[in-house]
Amino acid sequence: MALVFRVAMQFVGLLASLLGWVLSIITTYLPHWKNLNLDLNEMENWTMGLWQTCVIQEEVGRQCKGFDSFLALPAELRIARILMFLSNGLGFLGLLASGFGLDCLRIGERRQELKKRLIIVGGTLFWTAGIAALVPVSWVAHVTVQEFWDETMPEIVPRWEFGEALFTGWFAGFSLLLGGCLLNCVACSTHAPLASGHYAVEETQTRCLYLENGTADLNV
């Protein structure tokens, strides 16, 4: 029962981390980090992402233009690009490490301590990836709020608001944190069990052989 619960929790943690990693990639390329609705022209909406700005018109449709210079971007967008790429890379490494460390995987089943360390490494990578995703999303949201309530700007000037990508990024970051937490908790709270039934039977047969020979110490 303990082994079944352990494997189930590992799968839940891995699936949560996988979901967060996929959403983190989607967030990186979504052009909806900020939305701008024009009161004077309700048929035209503007969106801004990390790579381009788009305008949506009912008659023309969507038209997008990429940013010409990385250095010309605001500081929050420059840092967001770097951290989101870091989150995506760390999430991929976390999937590799934790995937090879699953108890249900027959590869390396006799090296349980190594598999436990892989799970811990994978969980730590997911934690770092989650933080790397939450920081830029929260920073862009903070700057958006400050600019929206800036009293020095005339009221007639349109204000940027939260885009859908921010909410997707928050969900991605918390999913990565949850997945990493589950993997680390399972790995650190219990001893590494035997990976498969045939290995347990083999060990039992070895113990019985020693007892039949009248030897109590298995190291003899």
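**Reading the helices and the sheet**

Over residues 118-145 the chain is 100% helix and 0% strand. The model is predicted.

Reader: What makes residues 118-145 a stretch of interest in the UniProt entry?

Author: The unreviewed UniProt entry annotates residues 118-145 as "transmembrane region". The annotation also covers residues 7-30, 79-97 and 165-186. Such annotations may be inferred rather than shown by experiment.

Reader: How much helix and how much strand is there over residues 7-30?

Author: That stretch is 96% helix and 0% strand. Its end C-alpha atoms are 34 Å apart.

Reader: Which elements does the chain have, and in what order do they run?

Author: The chain has five helices and five strands. From the N terminus on, the order is α-β-β-β-β-α-α-β-α-α.

Reader: Why is H2 called roughly antiparallel to H3?

Author: Helix H2 covers residues 75-100, and helix H3 covers residues 112-148. They pack at an angle of about 160 degrees. Angles over 145 count as roughly antiparallel, so H2 is roughly antiparallel to H3. The axes of H2 and H3 are 7 Å apart.

Reader: What is the hand of the crossing of H2 and H3, and which residue classes are in their contact?

Author: H2 passes H3 in a left-handed crossing. The contact of H2 with H3 has 25 nonpolar, six polar and two charged residues.

Reader: What makes S4 and S5 the edge strands?

Author: Five strands form an open sheet in the order S4-S3-S2-S1-S5, with antiparallel pairing. Strand S4 (61-66) and strand S5 (161-162) each pair on one side only. These two are the edge strands.

Reader: How do you know that S3 and S4 pair?

Author: Two strands pair if DSSP finds at least two bridges between them. Six bridges join strand S3 (residues 52-57) to S4, so the two strands pair. S3 and S4 run antiparallel. Ile56 stands opposite Arg62 in S4.

Reader: Why does Ile26 count as partly exposed?

Author: Its relative accessibility is 40%. Buried means under 20% and exposed means over 50%, so Ile26 is partly exposed. Ile26 is found in helix H1, residues 2-29.

Reader: How far apart are the C-alpha atoms of Ile26 and Asn88?

Author: They are separated by 9.9 Å. Along the chain, Ile26 and Asn88 are 62 residues apart.

Reader: What share of the chain is buried?

Author: Buried residues make up 40% of the 220 residues.

Terms used:
Residues are numbered from 1 along each chain as its sequence is written. This is a predicted model: local features need pLDDT of at least 70, side-chain atom pairs count only at pLDDT 80 or more; totals for chains, interfaces and linings use all residues. Side-chain values use heavy atoms; hydrogens and water are left out. Helices (H or I, at least four residues) and strands (E, at least two) are DSSP runs, numbered from the N terminus. Buried means under 20% relative accessible area, exposed over 50%, partly exposed in between (1.4 Å probe, protein chains only). Axes are lines fitted to C-alpha atoms, for helices over the stretch in contact, and angles run from 0 to 180 degrees between N-to-C directions. Angles under 35 degrees count as roughly parallel, over 145 as roughly antiparallel, 65 to 115 as roughly perpendicular and the rest as oblique. A crossing is left-handed if the near helix is turned anticlockwise from the far one by less than a right angle, and right-handed if clockwise. Ala, Val, Leu, Ile, Met, Phe, Trp, Tyr, Cys and Pro count as nonpolar, Asp, Glu, Lys and Arg as charged, and the others, Gly among them, as polar.
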